[in-house]
Amino acid sequence: MDKASNYLLDKYKVMKGMEKQHEILKRKPPAILDIITDAEQAATHREGAAAWLEAIKKVAYQANEVFDEFKYVALRRQARKMGQYKELGFDVVKLFPSHNRFIFRCRMGKKFRKIVLAIEVLVTEMNAFGFKYEQQPLVYRQWRQTDHVIFDPKEIINRSRAKDNKNIVDILVGQANNPALAVVPIFGTGGLGKTTPEKKDDGTKAVVASKQRPLDTLQNILSGKRYLLVLDDVWAREDRKWEQLKASLEHGGMGSVILTTTRDKRVAEIMGTVKAYNLGALEREYIKEIIETTSFSCNSAGVKKEEERPAMLVNILGEIVERCAGSPLAAIALGSILRNKTSEEEWKAVSRISNICTVESGILPILKLSYNDLPPHMKQCFAFCAIFPKDYEIDVDKLIRLWIAHGFIIQEEQVRLETIGKQTFNELASRSFFQDVKQVQATVSEIVSARACYSRATCKIHDRMHDVALSVMEMECALATEDPGNIDSIVATVGPSQSEWLPNSARHLFLSCKEPGRKLNSSLENSSPAIQTLLCDSDMISSLHHPSKYSSLQALQLCSEKRSFPLKPKYLHHLRYLDLSKSYIRALPKNMSILYNLQTLNLSGCEFLRELPRQMKYMTALRHLYTHGCRMLKSMPRDLGKLTSLQTLTSFVAGSGSKCSDVGELGHLNLGGQLELRHLQNVIEEDAKAANLVMKKELRELTLKWADSEQTSCRDDARVLEKLEPHDGLHAIRIHSYGATTFPV
C-alpha cells in the first residue's frame, strides 16, 4: 500500500482492532513471493503445485480486495468530513451499509481472520512442497533512464525470406488468368514468420474484410472485383464451414486469390486449390544475426560493434543458435534474455535451461523462458494481455491505464505512474512481447466530429506470445466472440463452447459479440465469478441484471445504447477505470462521486451527455477525464481545480453562472496531451490568465473554440486569446470561430 493510503487508514482508524491480522498480512506475503518463481516452474509438471499456485492467487485477490475496502472507507469518511453527505442529501447514507463502525469492524474482522487462516495453511503447504528461494529477475535501472531501442527483426527476416517472398508472389501472379478462385496455403510451425510475406505488396488490389461482417456483405463487396484476401492463422478443420465461406467468395473477378497461413497441415489440405507452400526454418546465419543484434543492443546507443562484444560470450552463441530450430521469434526471445546478462556463467545457464524446439512443443518453452526472466510486475502486466483476442489491435495508452487500475505498476518517488507504465511497455516491446507498435493518426472525419484523439499508439501480440499469456491466465480470462457461422468462427483458434465461456474462476472478461448484455445476464444467473475487468467491444443494448455481482470490478468498458448508466455506483467501490465512450447516456448518476478510487473516466463521443456529476470534486483519485465529443455538455462542475491528480482533460466547456467551473480552475492542474477549450465567449480576461496555460509544459495539442455569437466583442476575443498563450513546445494549435481580426504578437 502506498504512503497516502497508509496515512488515510491511520487518520480515520479504519483498521482499529485488527492490527494483529494486519501485521501478519504484511509479513507472510513477502515470504511467499520469495519462492514464487520456483513454485511457478514446479506447477508446469506437478498438479499439486499448480493447485497451490491457484489457491495463493485466489487468497491474494481476496486480500487486495479487503485492503481496498479499508481504503475506500477511509476515503468515504474523508469526503463526509468535507461535506459530501450534506451536498448529496441525507438519504445517501443508505448507500453505505458499512457506515456503522461497529458493524463494519465485525464484518471486516471476519474477512481478515479468514484470509490470515488461509495464508497460514498455504505457508504450511509451501514448506511441505519444499519450494526454494530463487532471486527474482532484477528491474534493470538502465531501461528506467533511457528507453531501449526497440529492435525490429523484420529487415533481417525479409532478407532471409527473399526467396520465399519471390516464390509466393510468383504463385499469386500465376493465377492472374485463372477464372476459378485460387486458394494458396502457407504452412509452417508457429514463429517462423508466415505473416511477413503477406505484408509484401504485389500490386494486386487488396480488399480489407471485417471478420465481423456477415458473409453476404462480404460477397457484395467482392462481387466482380479481382481481389487478394488474406486469412491469417487458420485453425478450424471444418470442411462444411470452409465450403460455405468459399462459396461466398467465388463471385470475384478473374485472378482472385485467397492466401491463408496455418500451422496445421490438415487445414492447408482442406483449404488449398494449389499445393501448400511449406515455409521452412530460417537459415542458421540469420538466426545468429537476430540473436547478436538483440543480445548486444544497448539502449539509445544502438547495437555494439563486433570488437566491443566479449569473445567469451560470442563463443557461446553457436549452441544457443541451435536451441532456436530456425525460429526468428525464439531467437528474439533468447536474445532479449541474454541482453541483460553479462557473464559467461549467465549465458551458459540460459543455454542449459532453454529446451531445443521440437515438433511437439514448438517454440513455447523458449518463449516461456523469456517470460520467466521478467520481473514480477512485468509478468503481471504481460499476462493480463491474455484478456484480448488474438491479433487484436491494442491501444497502448488504454493498456497502461488498465495496468495502473489493477495495481500492476509500482509507484516510485517523483515519477508518474504513467511514465513507469510507458517504460514497462517499452521494455516488454523491446523483448518482443509486443509487436507492430505504431502511431495511428485519427481520420479527418474523426477529428471534425471530435470523437477521437488526434493520434494514438497501438500494438499487437504475436500469436505464440499470446499463447504464453494464456498459459498463465487461462483460468482467469474469459472471451465471448460472435456466434458460430460467421467468418470469425472459421479463422479463429479453437476455444471453449460459448455455453461454457464464463467459469467461476474468471476475473477478466472480454466480449465481442452481439448483445453482450443479454449474454452476461444469462451467464450470471448460475455463476458468481469475482469479475475485475469487463471490456465490451460491441454495443450494449440490454440492461445489466445482477448488479451486486459486479462489486469486484476495477475496470469497465462498455458502449451503452441506454440513456442511463447501466450499473449502480454503490456496488462499484473498487472501480478505477471506466470507459463509456460513444454511449447514449444523458447523465451520470448523481451519486457517481462516491467512486473515490476512479482514476480514468472516458466519456468521449457521448453526444447526448448534458452534464457531469456536480460533486466531482470529491473524486480526488481522478487522473484522466476524456470529454471530447460531448457536444451537448454546457459546463463543467464546480471546484474542478480540486482534482489535483488530474493529468488529462481533453475538453473543458466554459459555462456561465456560479454553479460551474471557470477556466481559472485549470490554473494549478498539471494537464498534458490534448486540451480543448469550448465556449470561450463565456470567459473573461482574468480567468483566461488564471488558467496558466503557458506553464502546462506537457500539453501537446490545444484547441480554442468560440461559439458563433454576438455576445462578445472582437476586442474581448483578442484579450482572452492573448491570456491563453500556451508554451512554445506545443505540437499543434487550432482556433475556431475567433471574432477578432488580429492575433497577439
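# Notebook: salt bridges, loops and cavities

I began with aspartate 233, which is buried because its relative accessible area is 8%, where buried stands for under 20%, exposed for over 50% and partly exposed for what lies in between, with a 1.4 Å probe and protein chains only. I note here that the model is predicted, so that local features need pLDDT of at least 70 and side-chain atom pairs count only at pLDDT 80 or more, while totals for chains, interfaces and linings use all residues. Residues are numbered from 1 along each chain as its sequence is written, and side-chain values use heavy atoms, with hydrogens and water left out.

I placed aspartate 233 in the loop between strand S2 (228-231) and helix H11 (239-249); helices (H or I, at least four residues) and strands (E, at least two) are DSSP runs, numbered from the N terminus. The phi of aspartate 233 is near 60 degrees, a positive value in a residue other than glycine. Most residues other than glycine have a negative phi. I also looked up serine 432, whose phi is likewise positive, near 70 degrees, and which lies in the loop between H21 and strand S6 (435-441). Serine 432 counts as buried because its relative accessibility is 10%.

For a salt bridge I used a side-chain nitrogen of Lys or Arg within 4 Å of a carboxyl oxygen of Asp or Glu. Which residues are linked with aspartate 233 in a network of salt bridges? I found that Asp233, Arg263, Lys390, Arg464 and Asp467 make up this network.

Glutamate 427 pairs with arginine 339, with the closest N and O atoms 3.4 Å apart. Glutamate 427 belongs to helix H21 (residues 417-430) and arginine 339 to helix H16 (residues 328-339), so this pair ties together parts that are 88 residues apart in sequence. Both glutamate 427 and arginine 339 are buried.

Lysine 460 forms a salt bridge with aspartate 391, and here the closest N and O atoms are 3.4 Å apart. This pair links distant parts of the chain, 69 residues apart, with lysine 460 in strand S7 (residues 455-460) and aspartate 391 in the loop between helix H19 (376-384) and strand S5 (394-395). Aspartate 391 is partly exposed, since its relative accessible area is 39%.

Glutamine 244, in helix H11, is partly exposed because its relative accessible area is 37%, and glutamine 244 and leucine 215 are 8.8 Å apart in space while 29 residues apart in sequence. Methionine 254 sits in the loop between H11 and strand S3 (257-262) and is partly exposed at 47% relative accessibility. Methionine 254 and leucine 181 are 73 residues apart in sequence, yet their C-alpha atoms are 7.7 Å apart. Lysine 568 is in the loop between strand S11 (555-560) and strand S12 (577-579) and is partly exposed at 46% relative accessibility; the C-alpha atoms of lysine 568 and methionine 592, 24 residues apart in sequence, are 8.6 Å apart.

I treated a cavity as a set of points, on a 1 Å grid over the protein atoms alone, where a 1.4 Å probe fits but cannot get out, with lining residues having an atom within 4 Å of a point. Grid points are joined across faces, edges and corners, and a volume is the space filled by probe spheres set on the points. How many cavities of 30 Å³ or more are there? The count comes to five. The second largest cavity has a volume of about 40 Å³, and its lining consists of Leu75, Gln78, Ala79, Met82, Tyr596, Tyr618 and Thr620. I sorted this lining into five nonpolar, two polar and no charged residues, counting Ala, Val, Leu, Ile, Met, Phe, Trp, Tyr, Cys and Pro as nonpolar, Asp, Glu, Lys and Arg as charged, and the others, Gly among them, as polar.

Methods
1 Å grid on protein atoms, 1.4 Å probe; cavity = no way out; pocket = protein on both sides within 12 Å on 5 of 7 lines; lining within 4 Å.
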